[in-house]
Amino acid sequence: MANEEMKKFTTVQLLNFCLGFFGLQFAWQMRIILSGPVTEALGASPLIFGLIWLAGPVTGIVVQPIIGALSDVTQTPFGRRIPYLMGGAILAAIGLFLLPRSGDIAALFGESAPVWLGLIIAAIMIWVIDACVNAAQGPYRALIPDNIPKEQHALANSYLSFAIGLGSVIAAGTAPFLKIVFKYDMSINAQFTMAGLAFFLAMLWTCLTIKERKIKSEAEKENIKKEEKSSFIQNVKDFFKISPEVGKICTMQFFSWIGLMSMMIFFTQYAVHTVFGVPDLNLSPGVKDAYANEMVAGQYFSSICFAVFNLICFVVAIPIGKWAEKRGNKFVHIIALSSMALAYILMAFLPNKVSVMSAMALAGIGWASTLALPFAMLSKYIKEGTEGSVMGIFNIFIAAPQVLVCTLLAWYIDKARFTMDNGFINNHWEHAFLVGALMLVLAAITASLVNEKKPE
């Protein structure tokens, strides 16, 4: 820093810092879990839902770099990042409230309204939610190099992983908990409203309690003027000129997220069709009722596995950050990526309930690391005043792999069919984990090539 020294954050301050990210992930997890039932009830086919799912990666590629760059040069009485955090939270909360009510909104146009109007409204709400989540995510990550000393970057990012794991577990578990303990059926409308409130209130608390470091020095002010004149393309060019290691970190992140999304997008289908042996019901007409119980059991098993996956992320997130402070981000991240690759191989070749749930727990270690350590590795090369744009551009290497998984890998699995012993047709959903394991191994190899300075 030019004219003031950053003070180390205490544990209480780090917990307070990550609260807004807890709300963000709570909302995001609810959108992932429940947007399918909402759009399916409005008439969405799997293809249409797949196209709607692209909202996340597309807005990540477009929105995060732009908002990140804007947050670097924004000067308001509230700070640089806070206007984008609160703006994203408010608009996302509105979208979360309206999404499950899309059919009711369409009904306001009368009986003459087309039957697909509700689906169009729902799609718009999903795109709004995803865009706003991405608008808030980049500036939030940029608060770490803005306000926290470099030696705590890995730990701070691990606290964000801690918040992501906790938010995911609570978002996924609230409705089942109320059902099991209090016999209360929480409606989809109520769950989305809860998610919107969680996002808004948690982000509001963060914005009220986190004081952004003010830009005071002439050098910093001059740097902002230069950033204001630079284009996005120029920012991208400058991004890769920072250091040769940046390209390696981006490549590592690219492979990592192909691996991650290979599991996240296809795990439920894998649980239903591979673990519980339900055939492709679209290609096996007349047997839907016969497999109704297995379908429900597979979906329930998938929910439990995701809860375990995120719970492990929640538990190990902070220890991973502390271990990385001692041994280095690179070393710890290679171990975590390798553990996730091993978990995928177990799921591909041992598709029984015990091994799959155990593998998902093991994969949670890699998830916690991926949410923290690549950002800590990158933050060492960020020039002051460019944190937002750098984090936004870095997000391209998270979002772009998701597009490939949603399209190419989905197309491959659709073609990878086989005939079961009972004569029905099924797909090789487990191939998603073989592809994912290969990508995670490539990510670990790329990470080993990064020349990271060892901690003193």
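1. Helix α12 is followed by G277, whose phi is positive, near 70°. Helices here are DSSP runs (H or I, at least four residues), numbered from the N terminus, and strands are E runs of at least two. This is a predicted model: local features need pLDDT of at least 70, side-chain atom pairs count only at pLDDT 80 or more, and totals for chains, interfaces and linings use all residues. Residues are numbered from 1 along each chain as its sequence is written, and side-chain values use heavy atoms, with hydrogens and water left out.

2. Look at α12 itself. The helix covers residues 244–275, which makes 32 residues. From first C-alpha to last, α12 reaches 44 Å, close to the 46 Å expected at 1.5 Å a residue. (The expected span is 1.5 Å times one less than the number of residues.) Where does α12 bend? The bend is at F266, and it is about 55°. (The angle is taken between axes fitted to the seven residues ending there and the seven starting there.)

3. Next, the salt bridges. The structure holds four of them. (The criterion is a side-chain nitrogen of Lys or Arg within 4 Å of a carboxyl oxygen of Asp or Glu.) R80, R81 and D146 are linked in a network. One of its pairs is R80 with D146, at 3.1 Å, N to O. That pair links distant parts of the chain: R80 sits in the loop between α4 (55–73) and α5, D146 in helix α7 (residues 117–147), and they are 66 residues apart.

4. D146 also meets R81 in a salt bridge, at 2.7 Å, N to O. R81 is in the loop between α4 and α5 and D146 is in helix α7, so this pair ties together parts that are 65 residues apart in sequence.

5. R81 is buried at 0%. (Buried means under 20% relative accessible area, exposed over 50%, partly exposed in between, with a 1.4 Å probe and protein chains only.)

6. The pair D414 and R417 is another salt bridge; its closest N and O atoms are 3.5 Å apart. D414 counts as partly exposed, at 36% relative accessibility. R417 is also partly exposed, at 42%.

7. There is a nonpolar surface patch of about 740 Å². F177, I180, V181, F182, Y184, Y300 and I304 make it. The elements that give two or more residues are α8 (153–182) and α13 (292–327). Which helix gives the most? α8 does, with four residues. F182 lies in α8. It is exposed because its relative accessible area is 55%. (Patch members have over 30% relative accessible area and no salt bridge; like charges are joined within 9 Å, nonpolar side chains, namely Val, Leu, Ile, Met, Phe, Trp and Tyr, within 5 Å. Areas come from the Shrake-Rupley method with a 1.4 Å probe; for residues, only the protein chains shown count as cover.)

8. Finally, L98. This residue lies in helix α5 (residues 82–98). L98 counts as partly exposed because its relative accessibility is 26%. Which residues does L98 touch, not counting those up to four places away in sequence? The contacts are I105 and M125. (Contact means heavy atoms within 4.5 Å.) The C-alpha atoms of L98 and I121 are separated by 8.9 Å, with the two residues 23 apart along the chain.

Notes:
The expected span of a helix is 1.5 Å times one less than its number of residues.
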